[in-house]
Amino acid sequence: MARWVCSVCDYEYVEEAGDPATGIPPGTPFEDLPGDWRCSRCSAGKEAFVRAGEEEVEMNDEDYL
Ligand SMILES: [Zn+2]
């Protein structure tokens, strides 16, 4: 499955994990998210997300704070 990254805030939507904050169950493809789904961090629309690829999720990106 793929990862999608918000181009506004770098929030990462991981299809395997879904997005519990917005009620999206694990395993939901990005394409199947509701049309009005928004980034749970910055409320950007789906059009703000770019596909990040199929590789394993690395934790490095989480350490910027
Ligand atoms: Zn965002």
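Q: In the protein chain, what share of the contacts with a separation of 6 or more comes from residues 24 or more positions apart?
A: Let's start with the term: two residues are in contact if their C-beta atoms, placed from the backbone, lie within 7 Å. This is a predicted model, where local features need pLDDT of at least 70 and side-chain atom pairs count only at pLDDT 80 or more, while totals for chains, interfaces and linings use all residues. Residues are numbered from 1 along each chain as its sequence is written. Among contacts with a separation of 6 or more, the share from residues 24 or more positions apart is 54%.

Q: Which pattern does the secondary structure of the protein chain follow along the sequence?
A: Helices (H or I, at least four residues) and strands (E, at least two) are DSSP runs, numbered from the N terminus. The protein chain has zero helices and three strands. Read along the sequence, the pattern is therefore β-β-β.

Q: What percentage of the 65 residues in the protein chain is buried?
A: Here a residue is buried if 20 or more other C-beta atoms lie within 10 Å of its own, exposed if 12 or fewer, and partly exposed in between, with C-beta atoms placed from the backbone. By that count, the buried part of the 65 residues is 11%.

Q: Which residues make up the largest nonpolar core?
A: A nonpolar core is a set of buried Ala, Val, Leu, Ile, Met, Phe, Trp, Tyr and Cys residues joined through C-beta atoms within 7 Å. In soluble globular proteins, nonpolar side chains tend to be buried together. Beyond its neighbours within four places in sequence, F49 has contacts that include W4, C6 and Y13. The five residues of the largest core are W4, C6, Y13, C39 and F49.

Q: Is R51 buried or exposed?
A: R51 belongs to strand 3, which covers residues 49–53. Setting aside neighbours within four places in sequence, R51 is in contact with A2 and W4. Because R51 has 11 other C-beta atoms within 10 Å, R51 is exposed.

Q: What is the C-alpha separation of R51 and F30?
A: These two residues, R51 and F30, are 21 residues apart along the chain. Their C-alpha atoms are separated by 9.2 Å.

Q: What is the phi of D10, roughly?
A: D10 sits in the loop between strand 1 (3–6) and strand 2 (12–14). D10 is exposed because 12 other C-beta atoms lie within 10 Å. Its phi is positive in a residue other than glycine, near 70 degrees.

Q: Where is S43 found?
A: S43 counts as exposed, with 11 C-beta neighbours inside 10 Å. S43 is not a glycine, yet has a positive phi of about 65 degrees. S43 is in the loop between strand 2 and strand 3.
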